[in-house]
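Hi everyone, thanks for having me.

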Amino acid sequence: MNDFIAKYQDQLSGTLAGFDRLVFRGTLWKNQLTGMSGYLWAHGLGAKDFGAHAEDISRRLKEASLAPVLAAGRPVRYLNSGKLDKQQIALQIAAEQGVAEGPICALTAVELCRSYAIQPNPNTQRPELAIAPRKCLFLYHYWMHPVVGFMSVRLQTWFPFPVHIYLNGREWLARQMDRAKIGYRRHDNGFTWVEDFQRAQTLLNEQ
């Protein structure tokens, strides 16, 4: 990037340095296997109880996660393929329905995940917990946030329920400049012109 700036310095009116896309990840345990084993022990559950317990918790999580979306009268759509461009679908819904703030929609899709399975111990043949690939339903929430703008959350609905929160630093900056009444032109995820680069950079630094 520095080489690009040096090469085209005479054609640039200014530069900005800050966050592009940000991803925050959360999960229940750092060590998935020992964490889940400790969880089962604390709840008085054995490996044989995992399946029924996990299904119950998963059902409750889905209901709790989607309840605010449904209460706000926003759509929840199931996608037959996890490969569809979910962000584009959400942006289209926001544009068509004029969503300027608040929840846009929730999209759901069955995708591969890293979770657990009950497998026989090769030595004792007793059932035990193991890390294994599987498929489960993922929930994708989309919002127009009053501060950071368009954002999303991806939630795996099966243990250990990892969650990813996606923000866009450029979207966030655009909202900051709107409030500060700084003029700009935006193309895709970049700015082709900013009225006051120094003030814009100050806003970026505040992020």
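Before we start, one term: when I say that two residues touch, or are in contact, I mean that they have heavy atoms within 4.5 Å. And please keep in mind that this is a predicted model.

Let me begin with a residue that has quite a list of partners. Setting aside residues up to four places away in sequence, Ile104 touches Arg74, Pro75, Ala90, Ile93, Ala94, Val99, Tyr142, Trp143, Met144 and Phe150. You'll find Ile104 in strand S3. Is Ile104 buried or exposed? Buried means under 20% relative accessible area, and Ile104 has 0% relative accessibility, so it counts as buried. Here's another way to see the folding: Ile104 and Ala72 are 32 residues apart in sequence, and their C-alpha atoms are 9.3 Å apart in space.

Now let's zoom out to the group that Ile104 belongs to. The largest nonpolar core has 29 residues, and Ile104 is among those with the most contacts inside it, together with Met36, Phe50, Tyr142 and Phe159. Which elements each supply at least two residues of this core? They include three helices, H2 (32-42), H3 (50-71) and H4 (86-97), along with two strands, S3 (102-120) and S4 (127-145). There is also another core lying apart from that one, with eight residues, including Leu173, Ile182, Phe197 and Ala200.

Next, two more residues from those elements. Leu66 lies in helix H3. With a relative accessibility of 15%, Leu66 counts as buried. Leaving aside neighbours within four places in sequence, Leu66 is in contact with Val76, Ala106, Leu139 and His141. Take His141 from that list: Leu66 and His141 are 75 residues apart along the chain, yet 8.7 Å separates their C-alpha atoms.

Then there is Cys113, in strand S3. Cys113 is buried too, at a relative accessible area of 9%. What does Cys113 touch, not counting residues up to four places away in sequence? The answer is Ala132, Pro133, Arg134, Lys135, Cys136, Phe138 and Gln156. Cys113 and Arg154 are 41 residues apart in sequence, with 12 Å between their C-alpha atoms.

Let's step back to the whole chain. The protein chain has six helices and eight strands. Reading from the N terminus, the order is α-β-α-α-β-α-β-β-β-β-α-β-β-α. How spread out is the chain? Its radius of gyration is 22 Å, well over the 17 Å that the globule rule gives for 207 residues, so the chain is more spread out than a compact globule. If you draw a box around the C-alpha atoms along the principal axes, you get roughly 75 × 40 × 30 Å.

A few totals to finish. Of the 207 residues in the chain, 41% are buried. Among contacts with a separation of 6 or more, 58% are between residues 24 or more positions apart. The accessible surface is about 12600 Å², and 53% of that belongs to carbon and sulfur atoms. As for charge, there are 24 positive and 18 negative side chains, and the centres of the two sets lie 6 Å apart.

Note on methods:
Residues numbered from 1 in each chain as written. Predicted model: local features only at pLDDT ≥ 70, side-chain atom pairs only at ≥ 80, totals over all residues. Heavy atoms only, no water. Core = buried A, V, L, I, M, F, W, Y, C linked by side-chain atoms within 4.5 Å. Buried < 20%, exposed > 50% of the residue type's maximum accessible area, 1.4 Å probe, protein only. Helix = DSSP H or I, 4+ residues; strand = E, 2+ residues; numbered from the N terminus. Rg over C-alpha atoms; globule rule 2.2 N^0.38 Å. Areas by Shrake-Rupley, 256 points an atom, 1.4 Å probe, with all protein chains shown as cover. Lys, Arg positive; Asp, Glu negative; His and termini not counted. Charge placed at Lys NZ, Arg CZ, Asp CG, Glu CD.
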